[in-house]
Amino acid sequence: MRANLLLSFNIIALISVSALLSYVLQKHGFSATTLLIILVSAALIAHIFTLFNRQQKQAEMVLRALANGDSTLGLGQQHPMLKQFEQVKAQMQTARFNAEQQAQFLQALLIHVDLAVMVCDDNGKVIESNPAVSKLLGKSFQNLHELGAVGELILNAEHNIRSNTYWQNGEQHDTLSIQLSIAEIQGKVRRVVSLQSIHNQLQLKEQQAYKRLTKVLTHEIANSITPLSSLADTCSNLMPQELCFIDNEDKQDLQLALNTLASRTSHLGDFITRFHQVSSLPRPDLAPANLADILARIVALHLQQAHQQQTHIKLSIKSQQLVMLDSSQIEQVLVNLIKNALEVLKSSQKHSAENAAQPRIEISLAQNTSQQLYIEISDNGPGISEHVVDMIFVPFFTTKQQGSGIGLSLSRQIMLNHGGDLINVQKPQGACFRCVFG
């Protein structure tokens, strides 16, 4: 239909041009050759114009059909352009299918990997992220500005970086390893960020360093103490009763020195035995257990001591969930923490005013925002001084006159071996320790 209209238009145009030329010829007089050239030129110009319009309209029709998903184009089955169109459409569909398939594969991969990955624009808006991001950071977010110092580190970077930084969300403390890659995709800057917690790895390295140190010290000190203790006992036993000194007090002093040397080396031997516990802690023998039952037993053991020093113990159980643990090791941790709290409150009672609040210890079993079970033991004593709070888990560091500095370090190592942690929670009053189970 459209081709017939174009042909009619060409015929009408030629008739019009012929009439016009005949009129000019009658008035001015032109040769037959000139008239023929003019007619042919006019016909060629009209034909070229028609072909141009046809090609333009066909191109528009093809593009419109591709955009609308139309596969007919209004062309006949034998039209040569229909075959080419089908080939182009098939190639585009294949490319689109491959792109969608690859996008779905990448999305499924990001969902299943534990590594937190997100893509942001240069203004900090999160374009894509996997569930591991909100799981690691403890919350979901739409912009890097919501992440505080971590977001500023990523946004202010001018090139690819690998860095470590501290992260806190409520009571959740962590150390993050951040790897940033900056790329330009389709003329737009994209920041690809991967986040990983290295808190447990750092603690493991720290504990391994302590173990190596304690093994070396235990070996060296034990090798020196054993012969000293033996020599002191031998010298004390070999000294004859009839041994005479110019001054009898000199003999008494010598006997006292030998006895003191033997006594102190014996005490050092006991200390080395406790010292050795840090580096030779056995692996936990895991079995399902109810933390509520364990807590009830441990609290019952300390009720009499608490009553004698007029300390109130409050136990709160908010979960009855079973946990895989070594009961004897976890009991050792709980006994140590409750014992420390009782000793601190007893010591503070001696120095506090008569109208001070009643000493109390609160023990609770609950779950945190990451659905981890934890046992929290807190007291209303004087708390931990700021200048020593970073040292309380260092082996052999203690603020007690008779302390060995092993209890908290050993307790933390037990919790780490259980896949959890022992942390100090800052509170307005008193000390608070939380045993978190992985």
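The sulfur of Cys-432 lies 9.9 Å from the closest cysteine sulfur, that of Cys-435, which is too far for a bond. A disulfide is a covalent bond between the sulfur atoms of two cysteines. Here the term is applied to a pair of cysteine sulfur atoms within 2.5 Å. The structure holds zero disulfides. Cys-435 is in none; the nearest cysteine sulfur to that of Cys-435 is 9.9 Å away, in Cys-432. Cys-432 is buried, at a relative accessible area of 0%. Cys-435 is buried too, at 1%. Buried means under 20% relative accessible area, exposed means over 50%, and partly exposed covers the range in between (1.4 Å probe, protein chains only).

The model is predicted: local features need pLDDT of at least 70, side-chain atom pairs count only at pLDDT 80 or more, and totals for chains, interfaces and linings use all residues. Residues are numbered from 1 along each chain as its sequence is written, and side-chain values use heavy atoms, with hydrogens and water left out.

The protein chain has ten helices and twelve strands. Both are DSSP runs, numbered from the N terminus: helices are H or I with at least four residues, strands are E with at least two. Of the 438 residues in the chain, 33% are buried. The accessible surface comes to about 28,100 Å². Carbon and sulfur atoms own 56% of that surface. These areas come from the Shrake-Rupley method with a 1.4 Å probe; for residues, only the protein chains shown count as cover. Contacts are heavy atoms within 4.5 Å. Among contacts with a separation of 6 or more, 56% join residues 24 or more positions apart.

Five strands form an open sheet in the order β7-β9-β10-β12-β11, with mixed pairing. Strands β7 (312-317) and β11 (421-424) are the edges, and each pairs on one side only. From one strand to the next, the twist averages 15 degrees. Two strands count as paired if DSSP finds at least two bridges between them. Strands β9 and β10 (residues 373-379) pair in the antiparallel sense over seven bridges. Within this pairing, Ser-364 has Glu-376 of β10 as its bridge partner.

Two helices pack on this sheet. Helix α8 (residues 291-308) touches β7, β9 and β10, and its direction makes about 170 degrees with that of β7. Helix α10 (residues 407-417) touches β11 and β12 (432-436), and its direction makes about 135 degrees with that of β11. Axes are lines fitted to C-alpha atoms, for helices over the stretch in contact; angles run from 0 to 180 degrees between N-to-C directions.

Helix α10 is mostly covered, with nine of its eleven residues buried. Among them are Leu-408, Leu-410, Arg-412, Ile-414 and Leu-416. Just after α10, Gly-419 takes a positive phi of about 80 degrees.

Strand β9 spans residues 360-367 and includes Ser-364. Ser-364 counts as buried, at 17% relative accessibility. Not counting residues up to four places away in sequence, Ser-364 touches Ser-316, Tyr-374, Ile-375 and Glu-376. Ile-361 is also found in β9. Ile-361 is buried, at 0% relative accessibility. Leaving aside neighbours within four places in sequence, Ile-361 is in contact with residues including His-312, Ile-313, Ile-338, Leu-342, Leu-345 and Ile-377. Ser-378 is another of its contacts. The C-alpha atoms of Ile-361 and Ser-378 are 5.7 Å apart, although the two residues are 17 apart in sequence.

Strand β1 (residues 116-121) is largely enclosed by the rest of the structure, because five of its six residues are buried. With strand β5 (residues 188-197), β1 pairs in the antiparallel sense over six bridges. Val-117 has Ser-194 of β5 as its bridge partner. With strand β2 (residues 126-129), β1 also pairs in the antiparallel sense, over three bridges. Here the bridge partner of Met-118 is Ser-129. The hairpin of β1 and β2 has four residues between the strands. In this hairpin, Gly-124 takes a positive phi near 95 degrees.
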